[in-house]
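Please go through these notes on the side-chain contacts with the model open beside you.

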Amino acid sequence: MCEEGAQATVELAVVAPVLVVLALISYNMMVFVSATARFDRVAPDIVLAHGSSPPASESDAGAGTWGVADAVAGELERAMEGYEVEIEVEVSEGGRGGLDGSGVLGLVGPLRDVTCVMRYRPWPQGWSIAGVELGAPLFMEHERCVTIDPWRSGVIV
């Protein structure tokens with residue numbers, strides 16, 4: 001006669017770590033997808049509101065595109081407050097088409113590309129149990145590029 005009274009305990013001990021890892025992966029994916037959806041909704045609106053508007057004061061007038069990047073990054077950070085994400089904004093002149101303002105369209109002024117990058121670091125980070133480091137070492141990154149015309153407010157190209 002063979003005793004099988006502890007078989008369920010052994011199976012639970014084998015399956016429980018796998019279930020914990022799957023739960024952490026699904027939690028991180030749900031948070032990232034939710035943050036990405038919010039970021040995709042608010043980024044064009046914030047870029048449209050702050051990317052084509054003139055500087056607020058004379059001291060900001062020399063900031064140029066860097067003032068736009070700082071303003072957009074600050075507003076995006078405020079809009080994404082519930083999520084623990086890092087925001088980076090880069091502004092480049094010329095649009096995706098590569099128009100640099102020379103030639104026939106030199107007087108019109110170039111389009112502006114505002115590239116907004118959101119980085120999410122999955123949870124948990126920096127845990128150490130019995131000398132084994134736990135957590136994902138990488139960021140999950142989402143990028144949204146919005147091309148605007150700085151001379152016509154409210155126009156996304």
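Is tyrosine 120 buried or exposed? Tyrosine 120 is buried, at 5% relative accessibility. Buried means under 20% relative accessible area, exposed means over 50%, and partly exposed lies in between, with a 1.4 Å probe and protein chains only.

1. Basis. This is a predicted model, where local features need pLDDT of at least 70, side-chain atom pairs count only at pLDDT 80 or more, and totals for chains, interfaces and linings use all residues. Residues are numbered from 1 along each chain as its sequence is written, and side-chain values use heavy atoms, with hydrogens and water left out.

2. Aromatic pairs. There are 2 of them. Rings of Phe, Tyr and Trp (its six-membered ring) pair if their centres lie within 6.5 Å; planes under 30 degrees apart are stacked, over 60 edge-to-face, and the rest tilted. Tyrosine 27 and tryptophan 123 have ring centres 6.1 Å apart and planes at 75 degrees, so this pair is edge-to-face. Tyrosine 27 sits in helix α1 (residues 7-51), and tryptophan 123 in the loop between β2 (112-120) and β3 (127-129), 96 residues apart. Helices (H or I, at least four residues) and strands (E, at least two) are DSSP runs, numbered from the N terminus.

3. The tilted pair. Phenylalanine 32 and tyrosine 120 have ring centres 6.3 Å apart, with planes at 35 degrees, so the pair is tilted. Phenylalanine 32 is in helix α1 and tyrosine 120 in strand β2, 88 residues apart. Phenylalanine 32 is buried, at 13% relative accessible area. Tyrosine 120 is buried as well, at 5%.

4. Charge over a ring. The charged end of arginine 121 sits over the ring of phenylalanine 139, 4.2 Å from its centre. The rule asks for NZ of Lys or CZ of Arg within 6 Å of the ring centre and within 35 degrees of the ring normal.

5. Salt bridges. What is the count of salt bridges? It comes to 4, each being a side-chain nitrogen of Lys or Arg within 4 Å of a carboxyl oxygen of Asp or Glu. Aspartate 40 pairs with arginine 144, their closest N and O atoms 3.7 Å apart. Aspartate 40 is in helix α1 and arginine 144 in strand β5 (residues 140-148), so the bridge ties together parts 104 residues apart in sequence. Aspartate 40 is partly exposed at 26%, and arginine 144 is partly exposed at 28%.

6. Arginine 78 and glutamate 75 form a salt bridge, with the closest N and O atoms 2.9 Å apart. Both lie in helix α2 (residues 65-79), 3 residues apart, about one turn of the helix. Arginine 78 is exposed at 54%, whereas glutamate 75 is partly exposed at 24%.

7. A network. Salt bridges link Glu88, Arg119 and Glu141. In the bridge between glutamate 88 and arginine 119, the closest N and O atoms are 2.9 Å apart. Glutamate 88 is in strand β1 (residues 85-93) and arginine 119 in strand β2, so the pair ties together parts 31 residues apart in sequence. Glutamate 88 is partly exposed, at 36%.
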